[in-house]
Amino acid sequence: GALRRLQGIIKGGANLLPSFMPLMATILKEPVGAQCLDLRSSVVKEASNCIIFLSQVLGESLEPLTDHFFDVLFKLAATANKVMAECGVVAMKEMLNHSKVNRGVSRVLEMVTSKSTPQRQSAAEFLGVILAHGDRYRSTGTLERYVDQIEAALRNGLGDSAPGVRQASRSAYWDFAALWQERGDRFLNSLEPQAKRLVVDCLP
């Protein structure tokens, strides 16, 4: 289909043309995003794979489109259909691994208090990927603006009722501490001994 053709022309070097990203931003991003929210799982999987491909090939050049794709993948990750939700989670992680989002940080922080356990786990994992690539956000100060909320999200995650959320939060802590060492040390030392031990056991 059209998404495969898009990937094909990129493999052929179309992304190297000066007109490619403006074309993506004005004409192609909406159709790709819309297919992520299709009711057919096969279409959703293909669209999610397309965003994964774009993320891997374009890297940080994808940034003009990441907020748009974040919005659709965020909705997809929160859907009740587990197969479709997993497509959204995988594509989101891949995009966050290769580029940065601007509006998305606050949305992830809102999601950590969801009543849905899968959504809280996804949020904790997304936050971990964002923190792992925190240096990307230095120039804009995006993470610094949310540092209090990020710390609160980690604290909530470490005390979550779901093991997956706790585990993702433990891993994310170390990237938090790498970005803000003194604050990270205070945070770790404020934990109960058992919780602190479990975090230390996750040291990469």
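Of the 64 residues in the largest nonpolar core, L73, M95, L131, L143 and I150 touch the most other members; a core here is a set of buried Ala, Val, Leu, Ile, Met, Phe, Trp, Tyr and Cys residues joined through side-chain atoms within 4.5 Å. Buried means under 20% relative accessible area, exposed over 50%, and partly exposed in between (1.4 Å probe, protein chains only). The model is predicted, with local features needing pLDDT of at least 70 and side-chain atom pairs counting only at pLDDT 80 or more, while totals for chains, interfaces and linings use all residues. Residues are numbered from 1 along each chain as its sequence is written, and side-chain values use heavy atoms, leaving out hydrogens and water.

Leaving aside residues up to four places away in sequence, L131 is in contact (heavy atoms within 4.5 Å) with L143, I150, A172, D175, F176, L179 and W180. I10 sits in helix α1, residues 2–11 (helices are DSSP runs of H or I, at least four residues, numbered from the N terminus). I10 is buried at 4% relative accessible area, and with the sequence neighbours up to four places away not counted, I10 touches N15, F20, F53, L54 and V57.

On the charged side, there are 14 salt bridges, each a side-chain nitrogen of Lys or Arg within 4 Å of a carboxyl oxygen of Asp or Glu. D148 pairs with R183, with closest N and O atoms 2.3 Å apart. That pair links distant parts of the chain, helix α9 (residues 147–158) and helix α11 (residues 181–189), 35 residues apart. E151 bridges to R155 at 3.7 Å; E151 counts as buried at 16%, whereas R155 is partly exposed at 36%.

Notes:
Helices (H or I, at least four residues) and strands (E, at least two) are DSSP runs, numbered from the N terminus.
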